[in-house]
Every structure is written in C-alpha cells, then in structure tokens.
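Please look over the sequence and the model shown here before reading on.

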Amino acid sequence: MSNSIFKDIPENFEAMCKFSEAYAKKTGTYFCLDVSVTAVVIEGLAKHKDIYGAPLCPCRHYDDKIKEVSNAYWNCPCVPMRERKECHCMLFLAKESEFASNNQEIESKDLIKSIQ
Ligand code: SF4
C-alpha cells in the first residue's frame, strides 16, 4: 500500500497525539482498547483547535462553541478530568476500566488508519 495517505498528518492532530501521550503518562491513565475511539476523539480535539484555537471537548453538544472555548471548562483536559480524572470521551481511562489498554503511547499513523 502506498504511504501517501499518511504523509500529511495535520499539525494539530499530531500535536493532540503528543499532548494525549504526555497527559496519559502524567495522570496514570491509559488509551482505549479500541484504537478508533482514541482516534475519533483526537480528531475532534484537533478540529476544534484548528477552528477555535482550543481543543474543546468533542463529545458534547454546545449551543455556542466560541463562548465555550472562552469559558475553558471543556477545553481538554477539562475540569472533570483535571479534578477527578473523569474523561467521558474515553480518551483517558483508569487502569481498572474494562476498556483500558496497556498503552500510554500512540502512533498518529495508526490512529488515522483506524478511522479511514
Ligand atoms: Fe478531554 Fe475532558 Fe473531553 Fe476527555 S472529557 S477528551 S479529558 S475534554
């Protein structure tokens, strides 16, 4: 297979991968067994960063995303994650979670492949 589809990984997608790895290690959390879950969440965070300049949580509905970004409550890592390690997107999972893998590292190319 040609690797041409991987040559232009969007800058913010890569940035959110790096952030997620660092944050998982910092908080002792793990990525989901289903790589496509991690990929979809990171893609959503990166798109919000592209459009609004901040990685607004992609797993919620907002009436006004610009207002939410300025509120910062749901900018990743959101307040529930920072205060209680609660990530309803399943990006950061506790070791005990039945959905948690052993991985605190991810490869952006593998993530993109899982959602293509
Ligand atoms: Fe990030 Fe919080 Fe959304 Fe999890 S729930 S992806 S920590 S903003």
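Leaving aside its neighbours within four places in sequence, which residues is Cys59 in contact with?

## Surroundings of Cys59

Cys59 is in contact with Val41, His88 and Cys89 once neighbours within four places in sequence are left aside, where contact means heavy atoms within 4.5 Å. The model is a predicted one, in which local features need pLDDT of at least 70 and side-chain atom pairs count only at pLDDT 80 or more, while totals for chains, interfaces and linings use all residues. Residues are numbered from 1 along each chain as its sequence is written, and side-chain values use heavy atoms, with hydrogens and water left out.

Cys59 sits in the loop that runs between helix H2 (35-52) and helix H3 (65-71); helices are DSSP runs (H or I, at least four residues), numbered from the N terminus. An unreviewed UniProt entry lists Cys59 under "active site", an annotation of a kind that may be inferred rather than shown by experiment.

## The disulfide

One disulfide is found in a search of the whole structure, the term denoting a pair of cysteine sulfur atoms within 2.5 Å. This bond joins Cys59 to Cys89, with an S to S distance of 2.0 Å, and the link is right-handed, with 130° about the S-S bond. The pair connects distant parts of the chain, 30 residues apart, since Cys89 belongs to the loop between helix H4 (79-84) and helix H5 (108-114) whereas Cys59 belongs to the loop between H2 and H3.

## Accessibility of the cysteines

Cys59 counts as partly exposed because its relative accessibility is 36%, that class lying between buried (under 20% relative accessible area) and exposed (over 50%), with a 1.4 Å probe and protein chains only. Cys89, by contrast, is buried at 9%, and Cys78 also counts as buried, at 7%.

Conventions
Helix = DSSP H or I, 4+ residues; strand = E, 2+ residues; numbered from the N terminus.
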